[in-house]
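Could you show me around this structure, one selection at a time? I have it open in my viewer and would like to know what to click on next.

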Amino acid sequence: MARELMKGNEAIAEAAVRVGLQSYFGYPITPQTELLEYLSRRMPELGRAFVQAESELAAINMIYGAASTGVRCMTSSSSPGISLMMEGVSYIAASEIPMVFIDVMRGGPGLGNISPSQSDYNQIVHGGGHGDYQIITLAPSSVQEMVDHIQLAFDLAEKYKMVTCVLADGSIGQMMEPCELPAMRPLRQESEFAGWATRGKHGRAERNVVSSIYLNVAEEEQANFRMMNHWQQVKANEVRYKEYFLDDAELAIVGFGSAGRIALTAVRQARAEGIKVGLLRPITLNPYPEEALDRLTDRVKSILVTEMNGGQMLRDVERIVRGRVPVEFYGRTGGVVPFPDEILGEIHRMAAGNLPMGGDPHIRWLERMARKN
Amino acid sequence: MPVKGRIVVDDVFCKGCELCASVCPQKVIQMAPERITAKGYHPAELFKDGCTGCAVCAVICPEAAITVYREAPRARVAAEA
Amino acid sequence: MATLQANEQVVYQRPRALTEVNTHYCPGCTHGVAHRLVAEVLDEMGLQDRTVGVACVGCSVFAYNYFDIDWVQAPHGRAPAVATGVKRSLPHDSIVFTYQGDGDLASIGTAEIIHAAARGENITVIYINNANYGMTGGQMAPTTLPGQKTTSSQTGRDVELQGYPIRAAELLANLDGASYVVRRSLHDPKNIRMAKKAIQTAFETQVRGLGFSLVELLSICPTNWGMTPVESLGWLNDHMIPYYPIGDFKVISALQKETCASKAEG
């Protein structure tokens with residue numbers, strides 16, 4: 001199939017349509033608005049459901065309704081809008097039904113700004129809503145991965161009856177790149193819907209109820225155990241990541257999405273200088289590539305975590321590295337995008353050695369940034 | 001000759017709220033003084049003759065606990081209750 | 001259950017669309033009446049098998065236990081949004097209704113109900129107004145009357161401090177997207193019969209694809225009002241109806257013609 005030059009937000013929208021998106025509900029927010037605009041035209045053209053909701057709260061709850069009927073459905077937003085959606089995300093996760101959402105992250109906290117950021121790692125990976133639940137989280141770093149990840153997101157959401165997030169950022173949403181779109185698939189037929197879907201009884205003996213209420217605390221605890229045990233299957237089967245130049249690496253960088261992409265440029269420059277550095281780019285942030293990082297820790301002298309936030313994933317890396325090698329952090333936050341040169345500077349620092357074991361990489365980073373400004 | 005009817009109250013559902021007794025035009029419903037349901041309520045019952053099967057009790061019953069019967073041929077269809 | 005005797009007809013029996021489950025509602029609570037009326041209408045219109053209900057948060061959170069239909073249990077106030085998602089994702093002949101209390105619809109869910117009505121969303125809303133928050137123990141609701149004592153307006157609602165009640169039906173009737181918006185009361189058999197007719201018309205509005213329909217039902221809350229069920233019916237009549245008049249606030253012409261025609265036939 002021919003490759004097309006598309007904006008990330010539009011590519012992910014079209015890819016979703018082609019893999020059977022039947023209902024979309026959203027609310028405008030920069031930098032994801034093109035996604036909503038694109039679908040506002042495309043969905044009605046195909047006779048599928050599109051509603052521009054009155055708020056992100058309404059949008060996520062429309063998705064809750066749509067997801068209950070067993071159709072492929074999704075919503076999209078950006079960081080502050082995702083915060084608003086968290087109530088619904090918790091309900092949907094607790095109802096154990098498949099749902100997909102896209103977060104095109106921007107600078108924060110608060111209203112922040114519309115520049116690219118990775119400010120929602122904690123909110124998505126460690127749960128922004130209430131209760132014990134997990135969101136399968138995919139982190140694209142190119143327009144092609146936007147396309148690939150949305151297909152994967154629907155498949156995983158349905159396979160595990162779980163909420164799945166494509167966690168992109170403003171730069172991937174806004175950038176144009178060539179990509180290969182999937183072929184158009186037919187929508188699900190009436191006979192193909194899952195048995196739990198609330199589509200009206202139509203002769204079924206038992207009624208279907210989609211709900212997250214367990215007034216009996218023992219039942220609620222059992223539901224939590226069930227979901228946690230179910231999550232172990234996701235952890236065992238669905239970890240995805242990419243390794244670059246790690247075979248002979250002495251230094252390793254860990255970064256996802258745009259930060260991973262920028263780090264890769266820096267890694268290539270460093271390689272050209274003869275520095276043996278490589279990159280681990282998690283594709284699933286949840287489940288996290290723990291074993292890959294664990295093995296890597298035993299092979300390298302030090303690890304640099306780079307993010308477009310103040311070190312949210314850093315804590316997961318530290319937890320897995322367990323103090324075996326020095327861990328450093330370099331991030332830009334509030335919508336500032338790091339240049340490859342900044343990462344290259346960090347690689348030079350690592351290559352020079354003398355990095356401290358232990359301590360808090362986040363605090364050392366804060367001190368370095370204070371000196372820089 | 002007045003129409004003859006009767007009601008059957010399902011003790012599983014009745015909570016003894018007395019709304020049926022309060023609206024009964026014939027005043028033939030009471031909360032059974034000697035009987036208690038599994039949930040601990042005195043259930044509604046017919047306590048004397050005179051029920052016409054008008055179904056007003058069923059119209060106000062919050063628990064759909066009352067089945068109303070009426071002697072044919074003057075009975076109207078159930079949907080009009 | 002007694003069996004039918006010779007020369008006898010069943011005048012009234014429990015609707016099929018209700019499950020054989022004892023409700024958690026307090027004795028005399030008119031939620032039960034509203035449930036029964038909705039179930040009767042689903043039975044009589046033959047809609048049970050293609051209907052999905054959307055339950056709210058409040059006393060009626062467990063409505064899904066009491067109707068033998070598919071249900072989605074929505075977050076507080078969001079039922080109209082959830083219903084929108086369900087309705088738009090199902091085949092066109094599917095029926096979707098929300099069942100919401102006054103805290104749910106007129107307080108936390110004002111945005112969702114207004115916009116569902118404004119969109120002309122082809123759903124039916126059964127709205128229970130009992131002038132307080134029932135499930136949390138009788139706090140002041142947006143519908144609590146001026147001067148009415150609740151657990152969070154203990155000396156009576158002071159409009160200077162706590163503002164005025166919201167007449168949701170009148171408010172929503174102003175929206176062009178709304179097709180059928182009426183208020184009825186459940187305080188006596190005559191009004192209950194009128195309420196059932198309204199619920200029928202509301203579902204018929206949806207069946208005919210005519211858009212948004214809402215029936216507000218004035219209801220009692222004996223436990224939190226601190227009265228017997230029978231006293232509560234009187235209080236509703238004396239205090240609620242003057243503030244919340246029974247009436248048709250929006251009936252689009254397509255429905256009016258229908259009403260006239262059926263009257264002529266009848």
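This is a predicted model: local features need pLDDT of at least 70, side-chain atom pairs count only at pLDDT 80 or more; totals for chains, interfaces and linings use all residues.

**Stop one: α1 and α6 in chain A**

Select residues 8-18 of chain A, which form helix α1, and then residues 143-160, which form helix α6. Their axes come within 8 Å and cross at roughly 35 degrees. The crossing of α1(A) and α6(A) is right-handed.

Now show the side chains where the two helices touch. On α1(A), the residues in contact include Ile12(A), Ala15(A) and Ala16(A), while on α6(A) they include Met146(A), Ile150(A) and Phe154(A). The contact of α1(A) with α6(A) has nine nonpolar residues, two polar ones and no charged ones.

**Stop two: α3 and α4 in chain A**

Next, select residues 56-68 of chain A for helix α3 and residues 79-95 for helix α4. Their axes lie 8 Å apart, at an angle of about 20 degrees. That angle is under 35 degrees, so α3(A) and α4(A) are roughly parallel to each other. α3(A) passes α4(A) in a right-handed crossing.

Zoom in on the contact: among its residues are Leu57(A), Ile60(A) and Tyr64(A) from α3(A), and Leu84(A), Gly88(A) and Tyr91(A) from α4(A). This contact of α3(A) with α4(A) divides into 10 nonpolar, four polar and two charged residues.

**Stop three: the chains**

Finally, zoom out and color by chain. Which chains share the most contacts? Of the two pairs of chains in contact, it is chains B and C. Chains A and B have no contact, and their closest C-alpha atoms lie 19 Å apart.

Conventions:
Residues are numbered from 1 along each chain as its sequence is written. Chains are lettered from A and ligands numbered from 1 in the order in which they are written. Side-chain values use heavy atoms; hydrogens and water are left out. Axes are lines fitted to C-alpha atoms, for helices over the stretch in contact, and angles run from 0 to 180 degrees between N-to-C directions. Helices (H or I, at least four residues) and strands (E, at least two) are DSSP runs, numbered from the N terminus. A crossing is left-handed if the near helix is turned anticlockwise from the far one by less than a right angle, and right-handed if clockwise. Contact means heavy atoms within 4.5 Å. Ala, Val, Leu, Ile, Met, Phe, Trp, Tyr, Cys and Pro count as nonpolar, Asp, Glu, Lys and Arg as charged, and the others, Gly among them, as polar. Angles under 35 degrees count as roughly parallel, over 145 as roughly antiparallel, 65 to 115 as roughly perpendicular and the rest as oblique.
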